[in-house]
Amino acid sequence: MPPRARRKRLLVVGIVLAALNLRPAITSFGALLEEVRDGLGMSGSVAGLLTSLPALCFAVFGVTAPRLARRFGPGAVVCAGMAAIATGLLVRPFVGTTAAFLLTSGLALAGIAVSNVLMPVIVKRWFPDRVGSMTGLYSMALALGTASAAAITVPVTDALGGDWQAGLAVWAALAAAAVLPWIPFVRQRGATSGEGAPEPPQRDGQAQGESAGQAPVLRITRSRTAWALAVFFGLQATAAYITMGWMAQIFRDAGVPAGRAGLLLAVTMVMGVPLAFVIPRLAARLPRQGPIVLALGVSGLIGYAGLYFAPAAGAWAWTVLLGVANCAFPLALTMVGMRARTGGGVAQLSAFAQSTGYLISIPGPLLVGVLYQHSGGWGLPIALMAGLMVPQMIVGVVAGRDRTVEDEAAG
C-alpha cells in the first residue's frame with residue numbers, strides 16, 4: 001500500500017477516535033452527578049457551574065484553535081488535545097476538592113474545544129472530495145461516544161464495586177488510545193496532502209463562491225440574520241448542556257434507577273445519529289427552515305411538559321421527544337451554510353454564531369443548578385427549560401428566512 005494511502009487510513013482512525021472522545025467527559029459526569037456531589041460535598045449551585053463549564057471552555061479555548069493550528073499544525077494540536085482529555089479525565093476523580101475537580105475538568109474540556117474546532121478543518125484538507133461522507137462518519141462517532149458514556153458509565157461503576165472515581169477515570173483510556181494515531185502528524189505544520197486539490201462541488205444549501213483569500217469584508221454584527229442565528233445556536237446549546245448535565249438526575253429523583261436513567265440519557269443523545277443526516281438534507285431543500293425549527297421546538301415543549309407532570313411514567317416518550325428537540329444543532333450548522341453566499345461569508349458567520357452562541361449558553365445549566373438547590377425540586381428548572389424553548393423557536397424562524405448575511409452586512 002502506498003505511504004499516502006496508509007497515512008490516510010491512519011488519519012481516518014484518528015478522526016473516529018478523536019470524535020468518540022468529544023463528549024464522554026460531559027455525559028459520564030452527568031450519569032454520576034449525584035455520586036460526585038456526595039463525594040466532594042458539592043452544592044447544587046457548584047454542580048450547575050460544572051454543567052456550564054463545557055460551554056465556557058468551548059467559547060474560550062475554541063477560538064484559540066485556528067491560531068494554534070497555524071503555529072504548530074492541526075495534527076499536533078489535536079494530538080495535544082487528546083492528551084489533555086486523557087490527563088484531565090484520569091486525574092479529576094482523585095483530586096479530592098471541588099476546585100481541583102473544576103480545574104481538571106477544564107483541562108479535559110480545553111482539549112475537547114480545540115479538537116472540536118479542528119476536526120472539520122482536517123477533514124476538508126485531507127478528504128476534499130469526501131467531505132460529506134467523512135463528516136457523517138465523524139458525526140456518528142461523536143454521537144456514539146456521547147451516548148455510550150451516558151449508557152455504560154453507571155454499569156461500569158457498579159462492576160468496579162460502586163467506586164464513582166474509577167467509573168469516571170476509565171474514560172481516560174479511550175482518550176489515551178486516541179493520542180496514538182495522531183503522533184505521526186505532529187510534525188506536519190504546512191499544507192497537508194489534501195490542500196491544493198480542487199474544491200469539490202458544493203452540496204445543496206452550501207455556499208458557492210470565492211476562496212478564503214477572496215473573503216468578503218462583512219460587518220457581521222450589522223446582520224439581523226447573524227444575530228438571530230447566534231442566539232438560536234446559543235439557546236439550542238443551552239438545552240443540550242442542561243440535558244447532558246441534569247437529565248439523568250431528573251429521572252433519578254423521580255425514582256428511576258441510576259442505570260436506567262443513564263440509558264435514558266443515552267437514548268436522547270443517540271437520536272442525533274439518524275436525524276443528523278435527515279434534518280440537514282431536508283433543511284437544504286427548503287427556502288425557509290422555520291417549519292423545522294417549530295417542529296423541533298414543539299417536540300421539546302411536549303417533552304418538558306412530560307418531565308414536569310409524569311417524569312417516571314412516561315420516561316421513554318419524553319426521552320425520545322427531547323432527543324428530537326436536541327437535533328437543533330445540525331439544523332443550526334446547516335443554516336450557517338445557507339445564510340451566506342460565499343465561502344468567506346460562511347466562515348465569518350460560523351465563527352460569530354458559534355462563539356457568541358456558546359457564550360450565551362453558559363448561564364443556563366448554572367441557573368438550573370441554583371433553582372434546583374433553592375426550590376428543592378425540579379418544577380422551576382423544568383419551567384425554565386420549557387420557557388427558553390419559546391425564544392429559541394422565535395429566533396430560529398428569523399434565522400431560517402431566505403436571505404444572506406452578505407446582503408445585510410457587506411462593506
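Rings of Phe, Tyr and Trp (its six-membered ring) pair if their centres lie within 6.5 Å; planes under 30 degrees apart count as stacked, over 60 as edge-to-face and the rest as tilted. This is a predicted model, in which local features need pLDDT of at least 70 and side-chain atom pairs count only at pLDDT 80 or more, while totals for chains, interfaces and linings use all residues. Residues are numbered from 1 along each chain as its sequence is written, and side-chain values use heavy atoms, with hydrogens and water left out.

The whole structure holds 11 aromatic pairs. One of them joins Phe-58 and Tyr-241, edge-to-face, at 6.1 Å centre to centre with 65° between the planes. Phe-58 sits in helix α4 (residues 44-62) and Tyr-241 in helix α11 (residues 224-253), 183 residues apart. Helices here are DSSP runs (H or I, at least four residues), numbered from the N terminus. Phe-58 and Tyr-241 are both buried, meaning under 20% relative accessible area with a 1.4 Å probe, protein chains only. Ring pairs also bring in Phe-233, Phe-329 and Tyr-358, which form a cluster with Phe-58 and Tyr-241.

Trp-126 and Phe-185 make another edge-to-face pair, with 5.7 Å between centres and 90° between planes. Trp-126 lies in helix α7 (residues 98-126) and Phe-185 in the loop between α10 (171-179) and α11, so the pair ties together parts 59 residues apart in sequence. Trp-126 and Phe-185 are buried.

Now the helix packing. The axes of α3 (residues 33-40) and α11 come within 9 Å and cross at roughly 90°. Axes are lines fitted to C-alpha atoms, for helices over the stretch in contact, and angles run from 0 to 180 degrees between N-to-C directions. Leu-33, Glu-34 and Glu-35 of α3 meet Gly-245, Trp-246, Gln-249, Arg-252 and Asp-253 of α11; contact means heavy atoms within 4.5 Å. These residues divide into 2 nonpolar, 2 polar and 4 charged. Asp, Glu, Lys and Arg count as charged; Ala, Val, Leu, Ile, Met, Phe, Trp, Tyr, Cys and Pro as nonpolar; the others, Gly among them, as polar.

Methods
Helix = DSSP H or I, 4+ residues; strand = E, 2+ residues; numbered from the N terminus. Buried < 20%, exposed > 50% of the residue type's maximum accessible area, 1.4 Å probe, protein only.
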